[in-house]
Structure formats: structure tokens, C-alpha cells
Amino acid sequence: MTESSTLLPTGQRRIDHLEMRGIVKRFPGVLAADHVDFDVKAGEVHALLGENGAGKSTLMKILYGLYAPNEGEIYINGKKVEIHSPADAIANGIGMVHQHFMLVPTLTVAENVALGLKSSREPMLDLDVVSERIVTLAERYGLQVDPSAPVWQLAVGERQRVEIIKALYRGAALLILDEPTAVLTPQEVDDLFGTLRQMLDEGHGIIFISHKLHEVLAISNRITVLRDGRRVGTIPAEGATKPQLARMMVGREVILQYEKVDMPHGEALLRLEGVHAHSDRGTEALRGVTLEVRAGEILGLAGVSGNGQRELAEAIFGLRPITAGKVFLDGREITGKSPALLNKLGMSYIPEERMVDAVVKDFTVAENLMLQDHVNPPYAVGKIFLNPRAIAQHCAEMIRSFNIRTPSQETPIKSLSGGNIQKLVLARELAREPRVLIAAQPTRGVDIGATEYIHQRLLEQRAKGTATLLISEDLDEILALSDRIAVIYEGEIVGVVDRADADVETLGLMMAGAKRQGEQVAEAV
Amino acid sequence: MVGQRTPLPYWYVAPFLGGAGNVWWGVLLWALAGALITAALVRTRNRSLALGALVGALAGGVGGILLLSPLWFALIPLLERRCEACGALTSPTAAVCPRCGHDFTDAAWADWLVNALNHTARVIITLEMALIVGGLVLELSGKDALDTYRVLFEWGLGTQRARANSLLAATPLIFTGLGTALAFRAGIFNVGVEGSLYMGALAAAWVGFTFTALPGLALITLAFVAAGIAGGIWGLIPGYLKARLRVDEVVTTIMLNYVAIEFTSYMVQSGPFFVPGLANAMSPTIAEQARLPRLVARSQFNSSFFVALACVVVVIILMQRTKLGYELRLTGDNSLFARWSGVLVGATILRVMFLSGLFGGLAGAGQVLGVHYNFTARFSRGFGFDGLTIALLARNSPLGVLIGALLFGALRSGGSTIELFTDVPIDLVDIVQALIIFFVAIDLSLDFLARRKRAAREAEAQAQARA
């Protein structure tokens with residue numbers, strides 16, 4: 001451990017101690033990293049925790065040579081190093097697994113790993129040699145992967161393994177993992193953690209970027225929390241608690257536990273019967289979805305992304321053709337009806353891609369608030385003209401009651417922050433007093449303050465008797481808000497459970513496709 | 001912490017950066033402009049290019065810094081605002097502090113000022129660049145650029161009559177510019193205003209020489225209405241094809257321009273409006289009382305200019321205060337979303353194409369009733385296409401179209417005399433105009449690049465947020 005010349009099983013020199021000192025990175029108008037100190041030792045996982053824009057990714061991009069720091073130095077084993085490019089980083093034994101995988105889907109695993117490396121018998125490829133080494137590495141670190149499989153055939157978890165192998169193949173002694181669990185099921189996360197522990201035993205160092213508290217607590221030795229580009233503190237993971245970390249991240253207590261009014265079981269306002277629909281690529285995205293959402297209830301739809309959630313929301317709201325099956329709104333069939341009509345019938349939709357599907361970027365705040373209702377009084381007078389005074393008045397009311405923070409009504413919406421744009425969408429959709437609300441990822445990319453606010457509003461709507469279908473990939477959100485939870489997997493509802501009976505374990509199993517037997521499935525049908 | 005500043009969109013200092021950028025690039029460019037102008041000046045006086053370039057570069061550099069420093073030291077601090085939460089300086093148009101994410105809730109007083117400055121500066125710099133490069137072309141071909149521009153200016157704006165002629169030349173451009181801008185704003189690339197103009201002009205002439213019994217005002221109104229309807233219907237054809245059959249409007253409108261030009265020519269050359277004995281292909285002359293009053297002696301400047309001004313007001317109201325305006329802007333920005341919101345996109349396309357053609361028709365009527373008093377085959381000197389350039393330059397703002405049309409009018413009317421007083425061919429004006437389009441295109445694509453960069457940043461932020 002003390003010998004700096006110790007070699008890793010990959011033959012690479014070990015990084016016993018990597019230190020970043022006083023790192024400063026300025027972007028126009030933003031101080032992304034403000035004199036940050038960070039270090040990681042061999043055989044430990046050092047987690048970087050922080051909200052969006054806290055500077056986690058910036059710091060790691062500096063370490064990997066993607067950004068040049070304005071100030072600060074990097075030391076490896078006590079010696080100062082200059083890292084100007086990813087190539088420098090790799091030469092120094094630093095590897096990075098990006099959040100979005102850098103793989104060529106049409107090439108095989110071996111080809112992807114060999115990409116950009118010198119072959120042992122130039123100019124010919126030496127894929128057999130590469131494959132052999134991949135297999136050795138895979139065995140050593142518990143990374144099962146077939147070197148001859150084309151990447152497009154692999155599941156997300158397998159692709160991540162390829163990325164890790166790629167980094168190890170290039171001699172990474174220190175591995176940076178940028179939000180590695182974002183796309184994984186709980187079981188895949190466990191596999192990943194197994195691999196990481198193996199790597200620690202071999203003497204690798206790992207930097208783990210995340211904002212999922214429980215994962216960070218499960219895998220890390222030390223945790224550094226960043227906020228607004230500054231280091232809030234570094235603490236040992238042992239003894240650390242979630243509330244403590246959350247407090248460090250946001251600077252105040254986060255309540256993900258909400259007071260819920262008991263609502264009587266109402267009638268089913270939204271009912272889906274065996275709905276089928278295609279994805280954009282023409283494959284079957286929904287394969288007979290049957291669901292019902294009752295008045296005064298929030299039905300959470302959980303699932304790993306890309307299992308048909310987006311298609312389901314769009315199919316219900318008339319944005320995607322339903323190839324088979326039926327949708328009912330309060331007993332009335334609405335299959336294939338236009339969004340405009342559904343609006344009139346009392347359905348509101350908060351889409352996932354709010355900048356594209358929910359607002360018009362170049363319109364002002366007021367113009368966006370009156371969308372869809374602009375043909376009706378009070379916004380319109382007669383058949384031709386709009387009523388500027390009524391528009392200003394109504395928009396001011398909505399801005400006030402939904403606490404939308406904007407300089408003025410005439411501000412173009414694109415200059416608002418994500419949280420405020422989402423509040424605006426919410427204000428517009430809820431102002432219509434919907435009876436059925438479809439909320440797809442309502443708090444994605446939204447800061448904690450606005451998230452809390454949006455959650456409160458959804459619960460308020462529930463108390464008013466609205467039937468809400470909450471589609472989210474954030475299990476914490478689903479668990480905090482839902483009365484019942486449905487899990488979607490590959491376009492099918494795997495099961496529906498009451499919130500009281502739901503725990504992360506079973507939901508995780510269901511999200512990975514394990515069907516639940518018994519009464520829950522019966523209830524789903 | 002100290003020294004954190006967010007640059008304003010300093011368009012006026014860095015014309016080639018298309019947004020927030022390094023102010024020194026702006027200084028450099030101004031210096032270059034100064035050098036070119038001074039070099040040309042010194043050369044005409046002393047006949048020495050080397051001396052001219054040297055003095056010019058010096059003078060331009062110093063001048064550029066002098067010009068910029070008051071802007072830099074006096075104006076820009078005024079236009080910045082301080083974030084209440086973290087103290088960072090930000091642009092007054094920002095709604096979120098880029099440093100700490102604090103949301104601003106009070107309106108910035110300088111919003112409109114910054115926007116006005118940006119837009120004016122953009123137009124001025126585009127024209128300036130075109131004139132500079134045009135001057136280079138002249139110098140390279142051995143002509144005297146300064147003298148040419150002097151003639152251009154004098155005959156464009158120098159005398160009352162020159163000014164009247166400039167307004168006269170601007171009149172049809174206001175109409176066609178409005179028509180094009182309206183279609184562009186709705187996301188329809190209507191190149192067919194020229195065709196509508198011909199159809200409208202023919203309709204106006206027909207009314208003018210047919211209903212000769214009517215009194216003046218009624219006849220003029222009827223002629224304008226007929227021209228508007230004729231132009232509008234001509235616009236409806238590609239509109240219908242686009243709305244119903246999704247036929248690309250660029251192709252159809254370009255082709256229909258030829259149809260309109262040839263059809264109207266036929267009508268006066270050998271068709272029903274053919275008048276035996278006239279040397280040129282023209283229709284009969286319109287009735288005396290149908291002629292619009294001329295307002296300035298020895299100029300054809302007439303009251304159709306005020307019709308055009310009224311149309312600017314109408315379009316402003318249409319865009320900002322009516323459902324149709326709202327829906328057409330919605331369609332232009334996000335047509336899929338417009339459809340989801342219950343806007344009948346097809347109907348909107350039809351209405352917009354009718355209006356677009358209508359303004360083209362009015363342009364034709366103005367020319368017939370105010371200038372020619374008959375329909376002459378191929379009378380338009382590309383008014384429809386000038387309107388397209390103007391709409392691009394004005395970024396589809398009605399007020400911008402007015403300003404752009406006035407500028408182009410002066411350029412056209414001054415340019416038409418150039419051949420009389422210099423040995424420079426009139427094509428110079430076309431070159432300058434082409435250069436304007438060129439620089440507008442550069443500006444647009446820079447804008448596009450900046451937007452794309454911003455979008456990439458946003459995507460990255462969103463990806464971070466997602467994980």
C-alpha cells in the first residue's frame with residue numbers, strides 16, 4: 001500500500017493518492033468551481049454529491065482533461081501533473097465512464113474497446129488479442145460481457161460494463177463514474193456495486209458522482225458534498241445519514257414526506273383497456289396497458305425509462321395513435337380524440353419535454369399562460385380580437401398564485417429557469433380545473449424548492465378530487481405522492497400495488513420485469 | 001467573486017460574434033472599418049494607398065476605442081443589473097442569475113432599450129458591412145467608391161424631390177415586405193408575393209378602366225379591394241397545396257410567380273386587355289378619377305404611401321392583438337404544439353397565405369393607381385423579392401419592415417441615377433443589395449450557431465439534472 005510503485009492487475013501503476021488542490025473554474029457569469037479541494041486514495045470510493053449545477057461534473061471534467069481549470073493543481077502520488085486532454089488523463093491512469101455512453105452501437109464490444117488504440121500488428125486489427133484481454137479483465141472484475149456481441153444488442157447495464165472494461169483496458173487506475181446508476185434497475189445497481197468492490201480490493205480508486213443519497217451511503221468510504229461550486233464538506237460515509245447529507249446539499253431540510261388527506265375511493269375517472277401503441281421507430285411500445293385512475297387518487301407509474309411511459313402519456317392525450325384498445329374519461333370513450341377536445345372534457349397534460357411540448361420558447365410568459373385557452377373569454381373578445389387587459393390581469397393572478405418568479409409578463413419564457421417554466425405549465429394546466437391530470441416527469445430537471453412546491457400542488461389537486469396519473473422515474477417521488485403504484489415494463493403493466501404495501505425492493509424487482517402474482521395483478525386488470 | 005460579469009449581447013461592438021462575446025473583437029473590427037474608410041479618404045486626396053492604409057489603421061484603431069469607451073464605461077454599467085442574492089453582474093434581460101440561479105422578479109427598466117439598441121445596431125451594421133464591401137468591389141474595379149456613394153446619397157436623400165422619390169420607391173416594398181413577413185412569421189416561406197403583386201396590379205387596372213362611371217373614392221377603394229382579393233386568391237393556391245397536400249410552398253410559389261408574370265403579360269399583349277396601336281404591352285389607361293393624387297412637384301410620389309403606412313399599423317395590431325396573429329405566431333414557432341392546442345393549422349396557413357397575397361396585390365394596385373395609370377407587362381422591378389430581403393432584415397417585425405423599406409427605397413431611388421452621373425453601372429445597387437442579404441444570412445446563421453451552442457448547454461444542464 002505504501003509503495004508507490006505497486007502495480008495493479010492490469011499492469012498499470014497504482015494511484016495511491018490523487019489530489020486536486022484549489023481548483024477554480026469560471027464560465028461566463030458562473031463560478032462553477034470555487035477553490036475546491038478533492039482527493040481520492042487507492043482502495044476507496046469517494047463520492048461527489050450535489051444538486052444540479054453544484055459543480056460535480058465540472059470538477060470531474062477538469063480531472064479528465066475536458067475543461068482547463070482557471071486555477072489549481074493536480075497531484076498524483078505527490079507529484080504535480082498537467083492534464084490538458086483526455087489522452088493526458090488516460091496516460092496518467094485516470095478513466096471515466098460518462099453518463100451518456102461513448103460507444104458505437106454497430107460495432108462489437110471488442111471493436112469498441114480497441115477503437116483508437118494501437119494494434120499490436122498495425123495496420124491490421126488484432127481483435128483476437130483484444131477479446132482475450134477483455135475476457136481476462138471481465139473474469140477478474142466480475143464484468144460479464146461477450147466480446148463479439150454488437151453493442152446495439154446489449155442492455156444498458158451491459159453497455160456500462162463495456163465502458164468500464166474500456167477504461168480498465170486503457171489502464172485506468174482511478175475510475176470516475178458519472179451518475180452510473182441513473183439508467184440501471186436496482187438489481188443492475190447491485191451488480192455494479194459488486195464490480196466496484198472487486199476493483200477496490202485490487203487497489204483501484206473510484207470517484208462516484210451521484211445525487212442518490214442511499215446509493216452514495218451504500219458504496220462510499222468518504223463523501224464530499226458540493227454546493228454552488230464550493231465544497232461544503234467531506235465526511236466519512238460511516239455514520240453519515242440521509243437527512244444530514246440532504247441538508248448539506250441544499251442547505252436546509254428537505255421534506256419528502258408529505259401530509260396527505262385521506263380521500264374516499266372515488267369512481268374511476270380515467271380508464272384504459274388493453275391499450276396498444278407504437279413507438280417512434282414503429283416498434284410495439286405499449287402492449288395492452290390496462291389501468292384505472294380514480295377520483296382523488298394519485299396513481300404513480302414507476303418504471304425504468306424507455307419502457308413505454310412516454311408513449312402511454314401521449315397515447316392517452318391523443319398525441320399518438322392507439323392501435324388497439326380503448327381509453328375512457330369518466331365513462332365516455334375518448335380513444336383517439338384530439339388534445340384540444342380532451343382539454344375541453346377536463347383532461348390536462350404536463351408533458352415530459354416541457355420546452356418542446358408544453359411551451360413556445362419565443363413567446364412571452366403571458367402568451368404561454370394563455371395557450372390553449374386563447375380562443376375563450378376572458379382572453380378573447382368576439383371572434384377576432386384578444387383582450388390585452390384581461391390577459392394581463394389573469395396572467396398576473398396565475399403568476400401570483402403559483403409563485404412563478406419572472407421579471408415581467410413580457411419576459412420571453414426561454415429565459416426563465418426550469419423550475420419556473422414548470423410552475424408556469426402547472427399553473428396553466430391546473431387553472432383549467434382538470435378532472436384528470438397526466439403528469440409526466442413533473443419535477444425532472446427542477447430544483448428542490450420548486451419540486452416541493454409542485455408536489456404540494458399535485459396533492460392539493462388530489463384533495464380536490466382530481467384523478468392524477470403520475471409518471472416518474474424517480475421512485476422517491478412516486479413513493480412520496482402516490483396512493484397506488486403501477487409498474488410498467490416493456491409496455492406492459494407488471495402489477496399495481498397499494499402504497500402501503502410497496503417497498504423499494506419489490507418495486508425494483510417489478511421494474512426489472514418480475515411479474516407479481518396474486519391479488520395485485522388481478523387488481524391491475 | 002469580484003470581477004464576475006456576464007457580458008451583454010454586445011452585438012453593436014462585436015458584429016461578427018452574434019451575441020455575447022469578447023469586446024476586443026469589436027474594437028478590432030471597428031478599427032478595420034476605420035482603416036478602410038480613412039485609407040480611401042486619404043487615397044482620393046493624396047493618391048497614396050500605403051500612407052492611407054497606415055494613417056487609416058491608426059485613426060481607425062484610436063477612433064474605435066474612443067467610440068467604444070463611452071459605450072463601455074457609461075452605457076454598459078447602466079444596463080447591467082446586480083443579482084440581489086449573490087451580487088453578480090448580469091444582463092438586464094436575464095430572468096435567472098447565471099451564477100447562483102436566483103430568479104429575478106422585478107422587471108428591468110432597460111429591457112426595451114437593450115432590445116431597441118440591439119435591433120437598430122444590427123440593421124446599421126449589416127448595411128454598413130454591405131456598403132464597405134461594395135466599396136471595396138468598386139475600388140478594385142477602378143471606380144471611385146466615395147464619389148459613387150456621394151451621388152447615391154445625394155440622389156437618395158439630398159433634396160426634397162429625392163426624398164419624395166425614395167418614399168415612392170419604398171411604397172411597394174412596404175406592402176411586399178409586410179406580406180412576406182406575415183408568411184415568414186407563420187413559418188411559411190412564401191416567395192410568391194411577386195406573383196400576387198402582378199395579379200393585384202392587373203385587377204386594379206381592370207377595375208380602373210372598366211368602372212369609369214364610379215366616383216373617384218369608390219373607384220379607388222374598389223380597385224384596392226379587387227387587387228387585394230386577386231393577390232390573396234393567388235396566394236391561396238400554394239396555401240391550399242401546402243395545407244392539404246403538404247406540397248412545399250417554396251417550389252410552388254416560385255413557379256406560380258412565372259405563371260403570374262406570363263399570364264398578365266399575355267392578357268395585355270394579345271389577350272382581352274390588348275390595346276391595338278400601343279407600342280408597349282400595356283392595358284388601357286385607367287379613369288382620371290381613379291388616379292391617386294401626387295404630392296410633390298416633379299415626382300411620382302403619391303398617396304399610396306399612406307395606404308402602406310396604414311397597413312403597417314394594421315399588421316402590428318393583427319400580430320399582437322388578434323387571435324389570428326397569436327395563432328399564426330404559434331404555428332410559426334411550434335406548429336405541432338399549435339395543433340395540439342387546438343389551432344387549426346391548415347386554416348391558419350390558408351388565412352396567412354391569403355393575407356400575404358393580399359398585401360402583394362395592394363402593392364400592385366399602388367403602382368398602377370399611383371405611378372403607371374395602366375398595367376404594363378413586367379413592370380415590377382423585383383418588388384416582391386426586395387420585400388423578401390426586407391422581411392429577413394427586419395426579422396418579420398412590421399415596424400422593422402417599414403424602416404427596411406425606407407432604407408431600400410433610398411438605395412433604389414439613389415441608385416437609379418448613378419449611371420447618369422458616374423461611370424458606375426446601376427448593377428452596383430444590386431451588388432449592395434446582394435451583400436445585404438449575404439450579411440443578413442451570416443447574422444442569421446451566427447444566431448443559429450449561438451442558439452445551438454445554448455441548446456447544447458441546456459441539454460447538458462438537463463442531463464445533469466436528470467441524473
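**A tour of chains B and A**

Select chain B: of its 467 residues, 48% count as buried, a residue being buried if 20 or more other C-beta atoms, placed from the backbone, lie within 10 Å of its own. This is a predicted model, in which local features need pLDDT of at least 70, side-chain atom pairs count only at pLDDT 80 or more, and totals for chains, interfaces and linings use all residues. Residues are numbered from 1 along each chain as its sequence is written, while chains are lettered from A and ligands numbered from 1 in the order in which they are written.

Colour chain B by secondary structure to find 16 helices and two strands; helices (H or I, at least four residues) and strands (E, at least two) are DSSP runs, numbered from the N terminus.

Next, select residues 383–393 and 398–415 of chain B, which are helices α13 and α14. They pack at an angle of about 130°, with their axes 9 Å apart; axes are lines fitted to C-alpha atoms over the stretch in contact, and angles run from 0 to 180 degrees between N-to-C directions. Show Ile390(B) of α13(B) and Phe408(B) of α14(B), which are among the residues making the contact (C-beta atoms within 7 Å).

Move to chain A and select strands β11 (residues 268–278) and β14 (residues 322–329), which run antiparallel and are joined by six bridges; strands pair if DSSP finds at least two bridges between them. Leu272(A) stands opposite Val327(A) of β14(A).

Finally, select Asp330(A), in the turn of the hairpin formed by β14(A) and β15(A), where Asp330(A) has a positive phi of about 50°.

Definitions and conventions
A residue is buried if 20 or more other C-beta atoms lie within 10 Å of its own, exposed if 12 or fewer, and partly exposed in between; C-beta atoms are placed from the backbone. Two residues are in contact if their C-beta atoms, placed from the backbone, lie within 7 Å.
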